[in-house]
Amino acid sequence: AKRTRIKDLLVSSDFGKQVSVMGWVRTFRNNQFIALNDGSTINNIQAVVDLNSFDESLLKRITTGAAISINGEIVESLGKGQRIEIKVNSLEILGDSDAEKFPLQPKKHSLEFLREIAHLRFRTNTFNAVFKIRHALAYAVHKFFNDKGFVYMHTPIITASDAEGAGEMFRVSTFDPDHIPRNEDGTVNYKEDFFGKATNLTVSGQLEGELAAMAFGDIYTFGPTFRAENSNTTRHLAEFWMIEPEMAFYDLNDNMDLAEELLKYLIRYAIDNCGDELEFLKNRLLEEDKQKPQTERSEFDLLTKLNFCLENNFERITYTEAVSILKNSKPNQKKQFKYLIEGWGSDLQSEHERYLVEKHFKKPVILTDYPADIKSFYMRMNEPDTEGRTTVRAMDILFPGIGEIVGGSQREERLEKLEKRMEEMHIPAEDMSWYLDTRRFGSAPHAGFGLGFERLVLFVTGMTNIRDVIPFPRTPKNAEF
Ligand code: 4AD
Ligand code: MG
């Protein structure tokens, strides 16, 4: 018979039908009950072997982790916990798994341990659920934009530009490390490199996205981006995926509306399409919470948290308003927010962001109009305020438990202002002539943002470490496979 996926089998009612199923053994109880998983669902099918009809030498090889193929009959299950099971007629071992050596035992392993055996962690329920949700969200991103008529633009991975101007780039070089060509003053002579130029892995597709938006109107990118920051946190990766829409004729309000709509759409999509996975992760978190002291337990379960996000409008306030909220906040005994703010002009620390979102507003917050000096060169300059301070049309979206999930802005479309800002920030205009052409020829108001895909997956799955929501995390000293 043709192979049936376990996902389809579990909802079938074809009792008496002969089926063929392949998968990996999760457990084998009492030499009789196999819990079999083929990855199509986090749920297992129970396959029952009649030990008298099989050789003992074969039964011994049904071990946790082994790949097997079975043929059998769909029957109603008498046991608790499942509706149907398979009565095995024939069984073949496709690949043995030495029970003594297989690192995944049929018990709950810690996420830390699973991170050490990341090459096998796909085979657990937790990671099956996480990466199914990741897949569904990626699909939903494309669906959302496609339905709105946005064009998906592939922007380059290797580029000479530093889109964020932050200098956090991985160099790409074709130099033979033993023969690096140098100028007379000892500096590296990039003209001799394959690209004739210093190139790096992209930190963002935004600038190229802007070129396309100035022709198509509405575009988005969705691809890997790289940051050479040596930070070991639960929110940062050296390689992460980013979704960057860019829209002509949008101002900052349109931009915020789109970002909020997108985030709500994606969360709703996961709720509607990943019910089993979310239910599993919700229960996993509840179990974990039980181990914690009362005061550290979460107030809401995962689904309540997701639904809450859908039901509320995101709070929109300016950076200046946020600073005054923080300054007037009751000093928290542990973290004295009041004194952490160095004053207007400094960037918010994650404690500040968490306070605003989790304690003050208790919902997602969009912070706008940051001081120009802590943001990128391309953001649209506001008129100086009554105190002579300059801000830009920036927006950061802050999420509970995550902090910044989206960063974006209305772009500076006025050529002279942009050139002046680039000069002040020491960004060489001659290298960016291609970018400035968007402002030279038919410049138009436009805006865009970047959504960190892993931070979204973190939020939706309720996982707490970004290394657990990307299949192959790249963090400092972590790039084995
Ligand atoms: O705020 P960022 O640096 O903005 C940009 O790159 C803009 N060019 C986006 C745009 O306007 N088109 O990054 C955007 C988002 C952040 O809000 C965060 O969610 C995520 O990307 N992000 C990271 N995620 C994981 N690891 C890192 N090291 C990240 N850096 C940024
Ligand atoms: Mg940012």
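Guide: Let us begin with one term: two residues are in contact if their C-beta atoms, placed from the backbone, lie within 7 Å. In this chain, 68% of the contacts with a separation of 6 or more are accounted for by residues 24 or more positions apart. Please bear in mind that this is a predicted model.

Visitor: What does the chain contain, and what does it span along its principal axes?

Guide: The chain has 14 helices and 16 strands. Its C-alpha trace spans about 85 × 60 × 45 Å along the principal axes. Of its 481 residues, 34% count as buried.

Visitor: What makes helix α5 (residues 206–216) mostly covered?

Guide: The opposite cut-off applies here: a residue is buried if 20 or more other C-beta atoms lie within 10 Å of its own. Eight of the eleven residues of α5 are buried. They are Gln206, Leu207, Glu208, Gly209, Glu210, Ala212, Ala213 and Met214. What covers them includes β10 (218–226), β11 (239–248), α13 (433–440) and β16 (446–452). After α5 comes Gly217, which has a positive phi near 90 degrees.

Visitor: Why is α4 called oblique to α7?

Guide: The axes of α4 (residues 125–147) and α7 (residues 275–290) come within 9 Å and cross at roughly 130 degrees. Angles of 65 to 115 degrees count as roughly perpendicular and those over 145 as roughly antiparallel, so α4 is oblique to α7. The crossing in which α4 passes α7 is left-handed. On the side of α4 the contact is made by Asn125, Thr126, Ala129, Lys132 and Ile133, and on the side of α7 by Glu277, Phe280, Leu281 and Arg284. By class, this contact of α4 with α7 has four nonpolar, two polar and three charged residues.

Visitor: What makes α9 roughly perpendicular to α11?

Guide: Helix α9 (residues 319–328) packs against helix α11 (residues 350–361) at an angle of about 80 degrees, and their axes are 11 Å apart. The range for roughly perpendicular is 65 to 115 degrees, and therefore α9 is roughly perpendicular to α11. Ala322, Ile325 and Leu326 of α9 meet His352, Tyr355, Leu356 and His360 of α11. The residues of this contact of α9 with α11 comprise five nonpolar, two polar and no charged.

Visitor: How many residues surround ligand 1, and which are the closest?

Guide: Ligand 1 is surrounded by 22 residues, and the closest are Ser204, Gln206, Gly407, Gly450 and Gly452. The elements giving two or more residues to this shell are β11, β15 (403–410), β16 and α14 (453–461). With six residues, β15 provides the largest share of the shell around ligand 1.

Visitor: How do the residues of that shell around ligand 1 divide by class?

Guide: The shell around ligand 1 has seven nonpolar, nine polar and six charged residues.

Notes
Residues are numbered from 1 along each chain as its sequence is written. Chains are lettered from A and ligands numbered from 1 in the order in which they are written. This is a predicted model: local features need pLDDT of at least 70, side-chain atom pairs count only at pLDDT 80 or more; totals for chains, interfaces and linings use all residues. Axes are lines fitted to C-alpha atoms, for helices over the stretch in contact, and angles run from 0 to 180 degrees between N-to-C directions. Helices (H or I, at least four residues) and strands (E, at least two) are DSSP runs, numbered from the N terminus. Angles under 35 degrees count as roughly parallel, over 145 as roughly antiparallel, 65 to 115 as roughly perpendicular and the rest as oblique. A crossing is left-handed if the near helix is turned anticlockwise from the far one by less than a right angle, and right-handed if clockwise. Ala, Val, Leu, Ile, Met, Phe, Trp, Tyr, Cys and Pro count as nonpolar, Asp, Glu, Lys and Arg as charged, and the others, Gly among them, as polar. A residue is buried if 20 or more other C-beta atoms lie within 10 Å of its own, exposed if 12 or fewer, and partly exposed in between; C-beta atoms are placed from the backbone. A residue is near a molecule or strand if its C-beta atom, placed from the backbone, lies within 6 Å of it.
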